[in-house]
Amino acid sequence: MATQTAPLPLTEPSRTPATAVLHEWITTVDHKKIGLMYIGYALLFLVVGGVEAMLMRIQLIRPENHFLSPLVFNQLFTMHGTTMIFFVAMPVLFGFGNYLVPLMIGARDMAFPRLNAFSFWVSAFAGFLLYFSYIGGNGLYGGGGAPDVGWWAYAPLTSKVFSPGHSSDYWTLSILLAGIGSIGTAINIIATVVSMRCRGMTAYRMPLLVWLYAVMSGLVLVAISPLTAAQIMLLLDRYLGSHFFDTQAGGSAVLWMHYFWIFGHPEVYVLILPVFAFMNEIVPVFSRKAIFGYPAMVAASVGIGFVSVSVWAHHMFTVGMTSAGNTFFVLASMVIAVPTGIKIFNWLGTIWGGKVQFRVPMMFSIGFLFQFLIAGLTGIMLAVAPFDWQLNNSYFVVAHFHYVIVGGILFSLFAAFYYWYPKMTGRMMSERLSKWHFWLFLIGFHATFDPMHFVGLDGMVRRTFTYPMDRGWGHLNAVISIGAFIQAIATLVFVYNLLHSYFKGASAGPDPWDAWTLEWSTQSPPPVYNFAVAPTVESRRPLWDLKHPEDPDTPYE
Amino acid sequence: MSDAATIPQNETWTLPSRGIVGMACLITAESAIFLIFVVAYLYYVGKSLTGPTPRQVLDLPIFTSICLLSSSATVHFATSALHRAARGATTLWLAATVLLGAIFLGGTAHEWYHLILYDHLTIQTNLFGTTFYSLVGLHASHVIVGLVLLSLALIFSAKGALTREHTNRLEVIALYWHFVDAVWIVVFTVVYIVGR
Amino acid sequence: MSIIPFLGNMSLETIVSSTLSPHMLSAFAGFVLPPGSTSIFNPAGTPAHSIFSLSMLVLSITGGVFVVVGGLLLYALLRYRHRAKDPGSNEEPQQIYGSTQIELSWTVIPILIVVMLFLATARIIFATQDAPKPQNALDVTVVGHQFWWEYRYPKYGVVTANELHIPASDAQTHTPVYLSMISADTDHSFWVPRLAGKTDVIPNRVNTMWIDADAPGLYLGQCAQYCGLEHAKMLLRVYAQTPADFAAWVAHQQQPALEDPSVAEGRAVFEHNACISCHTVRGTVATGTFGPDLTHLASRDTIASGSVPLTRDNLHEFIANPASFKPGVLMPPMHLNDHDLDLVTDYLMTLK
């Protein structure tokens, strides 16, 4: 029988719930909330970057089109590339890492929670700073101040002479800040992985996702810093009159290229390693088999990390390096294909002999496997320097890296979203909408990026706001543009699914996929403290051991 | 969660200190930044289109370098003293470290004063000026940050607020300071020996 | 002549490419795309031929890998899919954690493929880049500008712009053209796909490459390194001519500007305006070097670096407002009145 009691006084009676919620999110140092903020931020910029791509594809749908001026087009490809790499891919991957790594090692939070929050807010600010350039900077020809120097910002195009106004400065400063945020998160991830594992979790019992995030973070430390240094040099050139890249004073344009690509190539491995991590968790669960060759996967991941810092000048085969220099970078670029191939084969070995369930995360994973295979093979083609002498800076390269980033990374990210969304929200996503998303996106992706290889082989150069009427490229470009629209629709379906399922999705429970790593042992979503009792583990798949006490993993490690 | 642990509960499970690991990561990143500036310095040796050249204007900063490198020893003594809970000794050794670091900075300032006003070498003058001021300046800025951290530790120690439990944190700062000194060895070699 | 012998050897690339029939691939390219004026599978010069052969080898290897690995993946997904009506479908499959032998085999085989591919590639790199410069090579200096190409023939004292004329080779004689390239401002790249791979054109650095055309003809390309606003309109036109035609062209280009008295008034307008500070017309007071040499402007097929045909109307519009064809081009509008504009246009059209 209910007793009448006076309502308890609120602890903060002057705050309305909405501001309290906002305050909590802005001041949080909880890795799960920060992870979700990174992911939400990245989704916002994914839409922005996608709109930029759509606009470019409208301009390129037919030759000699006048939909966009050259300046606006050049700004768009600069902003599209910069946004997608620094404000979509990096944040979303850091977001997943932030969310999952402590859960998977049985920890309560990251090693440095306040650094975590700082890193997020600095990166978030950087993104808005970049876009502020549209209204804040005064660039060339009065067309607004967004940078138009390409996302590599080659010197001397970025010198004060060729880029008056502040558009290049917005690029430089925003990336500089984003880099600081990335380095902060990388420090945090490594310190967490080294110092915060639960009892019994030796290095060889860590989930592969944790290994891969650690390697990726190590790579961030040595790869982002060269770009930071080069950007400091660029700012000194532009504002203090130094001559690092000032060719009139004996400076070198090629030096910027080296510095940029010493960052740029490891950067793409920074992006792909977490993606491998997702596959290492998802493919086994939906094949119902342990990952094939765990030690080989660890070795391959570390190997990829190390070799990736030695291949950078394969972006510079046409710059006029010596034959010996070119040959070295050909060798290094081909060598890295070996551990990458090993990973693909190990996924094949995981599927082989399993019982494959074609749930949505697995469908996207299968898309990843085929598309990443193709992307890797076109990469090998480009590693053959003479072939690259023809195809560098053509649409073949654009097709290759979009195959990696969209066909590989984005597909795998979609798989990760569908797989971990139930854990993060406690709800399942709609199967029906998910399948629409998958098929539409698959069709749109291939409609855009398959023909793109062919226009590149036919000589179409990238970063061109239009192309001549007499080259015969119009039909393929039209198909490419239509595919982009299909992908846009698919992405909207996905975003709607995310939002709709949050309110209407079926309840997920702690372990909807019958998986084996520690995060599935807590509630969905996890309580703020993650684990009521700090876990102790004895094998790589603690939950498998619990569910199959007659056939635990321990004897096999 | 798991109650049948095969690891006996009385066996220790120790992992490295997260502060040291974090600082080691920061040092890795900073080393990469310094490496890029060193590469620029070496690449542009001899390529300036106009003078002055290093040989004409640079003197070996022996005294200030000895001061800076000795400060690594003094900060090590400070951490050992704190580990022994010898709070007075900690304060003294920290003060010595800050003093030596300040002497180094003063020496750099003096050198630059001369270079700018008498030798007319600025960051704009030529490639040597560009790479010299940026590399030595980057190092000096790291010295300043280190001195701020050490001064804070000195103040806390002088006020008696630093205890043995803070040893790990002082070690983290000391690690940073050792890094700064190691970078100076590289910069010294590149700028004053190889580059001249 | 060291560049020819390696083509005469039965190199692996040649074996593969003749087996796969370049004609098949060119035919395929022609089917999928219109007569490829710039397809890399339609080579017309020695460097492009050697790259084509190598690319056939690479494509066959990567294609083979795709078929094998993709096939295995597809097979595994179909064969091992979970079927609810299978016996034991509710049980987990046997857990297999790895196999050292299998790991080794799929490490060693890729390494072998990589070694083979690497050696084939290294060979072509050294053959192309380190080929000693032949005696009869024609030297041409290429200067990249925002957004046009300057060509200088030191041996002949000829300076021209945007349309590169070279002597074509034939079955008996190879006449390579040796390009020394530098940029006057920011980075560019010289790419004519049917003749050779591209080489970047960079300030404060001279890059060299050589081309030789199999047969007379027009070979198209464009700047392949983003260089600013009008990068897309910095096109390349290479005219390979028979030795006789080429000699005639050189002789003509060596002449100072034609003097046609009927356009003397137009010439006066030209010489009294700022035109002369940027352009050269040899034999007159115009000696500027910021813009293209106009001495024989009317002998060219196009203006605005290949982006529009040279007709009186186009030239007229270009002078009135260069930005109408290339917004952001570095030539400012000259603000001539209509009368002067007509005179100048007529004058320039006589500079054959």
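Residues are numbered from 1 along each chain as its sequence is written, and chains are lettered from A in the order in which they are written. Because the model is predicted, local features need pLDDT of at least 70 and side-chain atom pairs count only at pLDDT 80 or more, while totals for chains, interfaces and linings use all residues; side-chain values use heavy atoms, with hydrogens and water left out.

## Which chains touch

Contact here means heavy atoms within 4.5 Å. There are 2 pairs of chains that touch, and the most contacts are between chains A and C. Chain B and chain C are joined by no contact. The closest C-alpha atoms of chain B and chain C lie 12 Å apart.

The size of an interface is often given as the accessible area lost when the parts come together. Buried area is that loss for two parts, found with a 1.4 Å probe and summed over both. The table lists the two interfaces.

| Interface | Residues in contact | Buried area | Share on carbon and sulfur atoms |
|---|---|---|---|
| Chain C and chain A | 90 residues of chain C, 100 residues of chain A | about 8100 Å² | 69% |
| Chain B and chain A | 38 residues of chain B, 43 residues of chain A | about 3400 Å² | 72% |

## Chain C against chain A

A polar contact is a pair of N or O atoms within 3.5 Å; within protein, one must be able to donate a hydrogen and the other to accept it, and residues adjacent in sequence count only if both atoms are side-chain atoms. Between chain C and chain A, 33 residue pairs are in polar contact, both residues being at pLDDT 80 or more. Helices (H or I, at least four residues) and strands (E, at least two) are DSSP runs, numbered from the N terminus. On the side of chain C that touches chain A, at least two residues each come from α4 (46-79), α5 (100-129), β7 (199-201) and β9 (217-222) of chain C. Of these elements, α4(C) gives the most, with 17 residues.

By class, this side of chain C has 48 nonpolar, 30 polar and 12 charged residues. Ala, Val, Leu, Ile, Met, Phe, Trp, Tyr, Cys and Pro count as nonpolar, Asp, Glu, Lys and Arg as charged, and the others, Gly among them, as polar.

Side chains of opposite charge can pair when their charged atoms come close. A salt bridge is a side-chain nitrogen of Lys or Arg within 4 Å of a carboxyl oxygen of Asp or Glu. The rule finds 19 salt bridges over all chains, and 2 across the interface of chain C and chain A. In one salt bridge, C:Lys233 pairs with A:Glu64, with the closest N and O atoms 3.1 Å apart. C:Lys233 lies in the loop between β9 and β10 (235-241) of chain C and A:Glu64 in the loop between α2 and α3 of chain A, so the pair joins two chains. A:Glu64 also has a positive phi of about 55°, although it is not a glycine.

## Chain B against chain A

Across the interface of chain B and chain A there are 0 salt bridges and 12 residue pairs in polar contact, both at pLDDT 80 or more. Two or more residues of this side of chain B come from each of α1 and α5 (127-158) of chain B. The largest share, 15 residues, is from α1(B). The residues on this side of chain B are 23 nonpolar, 13 polar and 2 charged.

Within chain A, helix α6 (residues 208-240) packs with helix α8 (residues 294-308) at an angle of about 10°, with their axes 10 Å apart. Angles under 35 degrees count as roughly parallel, so α6(A) is roughly parallel to α8(A). Axes are lines fitted to C-alpha atoms, for helices over the stretch in contact, and angles run from 0 to 180 degrees between N-to-C directions. Residues making the contact include A:Leu208 and A:Trp211 of α6(A) and A:Tyr294 and A:Met297 of α8(A). The contact has 9 nonpolar, 3 polar and no charged residues.

The peptide bond from B:Gly51 to B:Pro52 is cis, with omega near -5°. B:Pro52 is in the loop between α1 (18-43) and α2 (54-57) of chain B. Another cis peptide bond runs from C:Gln146 to C:Phe147, with omega near 5°. C:Phe147 is found in the loop between β1 (138-145) and β2 (148-153) of chain C.

Definitions and conventions. Parallel < 35°, antiparallel > 145°, perpendicular 65-115°, else oblique.
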